[in-house]
Amino acid sequence: MLEWRDEGALLSVRRHGESAAIIEVFTAAHGRHMGVVRGGASRRLAPVLQPGAQLDLTWKARLDEHMGAFTVEPLRARTGLFTDRLALAGLNAICAMLHVVLPEREPHVGLWRESIELMDALAAPGWPAAYLRWEMRLLEEAGFGLDLTRCAVTGSREDLAFVSPRTGRAVGRGAAGDWADRLFPLPLALLGQGPASGPEVRQGLAITGHFLARELPLAGRPLPEARARLIDLLARG
C-alpha cells in the first residue's frame with residue numbers, strides 16, 4: 001500500500017456514485033492530483049469540499065498508477081469569496097487554469113506557494129494585477145517565459161512600449177516602426193510598475209492569453225471558460 005500526506009487546494013469536485021466524490025487538488029509536494037473521497041457527497045463533507053478549500057490530505061493506493069483515495073481535513077475555507085462575484089470569478093479562473101496548465105502528479109512547489117498567496121489575496125482590493133503576474137508565472141511553468149527586460153531589436157531597456165506576438169519579447173517605441181500596429185501594447189502592469197488600472201490588466205491578460213493558448217497542449221480547445229468570465233467581469237468594471 002502506497003501512502004503520502006500533503007497540503008493542497010481543491011480545484012474541482014464531482015460526485016462519484018451515491019455518496020463518494022472525486023476531487024482534484026493542487027498539492028505542495030505532489031502537484032495536481034486526483035483521488036476518491038469516500039463520503040465526499042455527505043452532509044458532513046460536501047460543505048468542506050468547495051473550490052479553493054485548503055486541505056490536509058492523506059492519499060492511499062495499492063499501486064502508484066491507481067487513482068487512489070483521499071482522506072481530508074479542512075485547513076482553510078474560502079467560501080467567504082462566494083458572495084463577491086469578481087473574487088469568485090478569480091478563484092474559478094485560478095482553479096481552471098491550474099487544471100489545464102499542470103501535468104498530473106508533477107510538483108511545482110514555487111507555483112503552489114504563489115497560487116495559495118493569490119487565493120488569499122482575492123479577499124483584498126487590487127488582486128487583478130496579482131492575477132496577471134500569476135499568469136506570467138504559468139507561462140514560465142509551461143516553458144515560455146516572456147522577456148520584457150530589453151528591446152528585442154536594439155537591446156535597450158528604455159521606453160519599452162510593445163510585445164511581439166511571435167517571440168514574447170519587448171520592443172522599444174522607436175524600434176517598432178511600421179510594425180507597431182502588429183504588436184501588443186505593453187502595459188506597465190505587466191512590468192509590475194505603477195498602479196494597475198482595469199484597462200492595463202485587460203491588456204496584459206490579452207498578451208498572456210495569446211501565449212498560453214499557443215503554448216499549452218489544448219488540442220484546439222480555447223482557454224477555460226472561467227478565465228473568459230473573469231475577463232468579462234473585469235471589462236464591466
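Author: Axes are lines fitted to C-alpha atoms, for helices over the stretch in contact, and angles run from 0 to 180 degrees between N-to-C directions. Helices (H or I, at least four residues) and strands (E, at least two) are DSSP runs, numbered from the N terminus. This is a predicted model, in which local features need pLDDT of at least 70 and side-chain atom pairs count only at pLDDT 80 or more, while totals for chains, interfaces and linings use all residues. Residues are numbered from 1 along each chain as its sequence is written, and side-chain values use heavy atoms, with hydrogens and water left out.

The helix is H3, residues 127-141. It has 15 residues. From its first C-alpha to its last, H3 reaches 21 Å, close to the 21 Å expected at 1.5 Å a residue. That expected span is 1.5 Å times one less than the number of residues. Just after H3, Gly 143 takes a positive phi of about 90°.

H3 is mostly covered, with 11 of its 15 residues buried. Buried means under 20% relative accessible area, exposed over 50%, and partly exposed in between (1.4 Å probe, protein chains only). Among the buried residues of H3 are Trp 127, Tyr 131, Trp 134 and Leu 138. Glu 135 and Arg 137 are buried too.

Take H1. The axes of H1 and H3 come within 12 Å and cross at roughly 5°. The two helices are therefore roughly parallel to each other. Angles under 35 degrees count as roughly parallel, over 145 as roughly antiparallel, 65 to 115 as roughly perpendicular and the rest as oblique. Contact means heavy atoms within 4.5 Å. H1 brings Leu 86, Ala 87, Gly 90, Ala 93, Ile 94, Met 97, Leu 98 and Val 101. H3 meets them with Trp 127, Tyr 131, Trp 134, Glu 135 and Leu 138. The residues of this contact divide into 11 nonpolar, one polar and one charged. Here Ala, Val, Leu, Ile, Met, Phe, Trp, Tyr, Cys and Pro count as nonpolar, Asp, Glu, Lys and Arg as charged, and the others, Gly among them, as polar.

H1 lies across S1, S2 and S3, running at about 115° to S1. H2 lies across S1, S2, S4 and strand S5 (69-76), at about 50° to S1. These strands belong to a closed barrel of five, S1-S2-S3-S5-S4, with mixed pairing. Its neighbouring strands are turned by 45° against each other on average, direction ignored.

Two strands pair if DSSP finds at least two bridges between them. S1 (residues 2-16) and S2 (residues 20-27) pair in the antiparallel sense over eight bridges. Val 13 has Ile 23 in S2 as its bridge partner. S1 and S2 form a hairpin with three residues between them. In that turn, Gly 17 has a positive phi of about 70°. S1 also pairs with S4 (residues 54-61), again antiparallel and over eight bridges. There, Glu 3 stands opposite Lys 60. S2 and S3 (residues 31-37) pair in the antiparallel sense over seven bridges. Glu 24 stands opposite Met 34 in S3.
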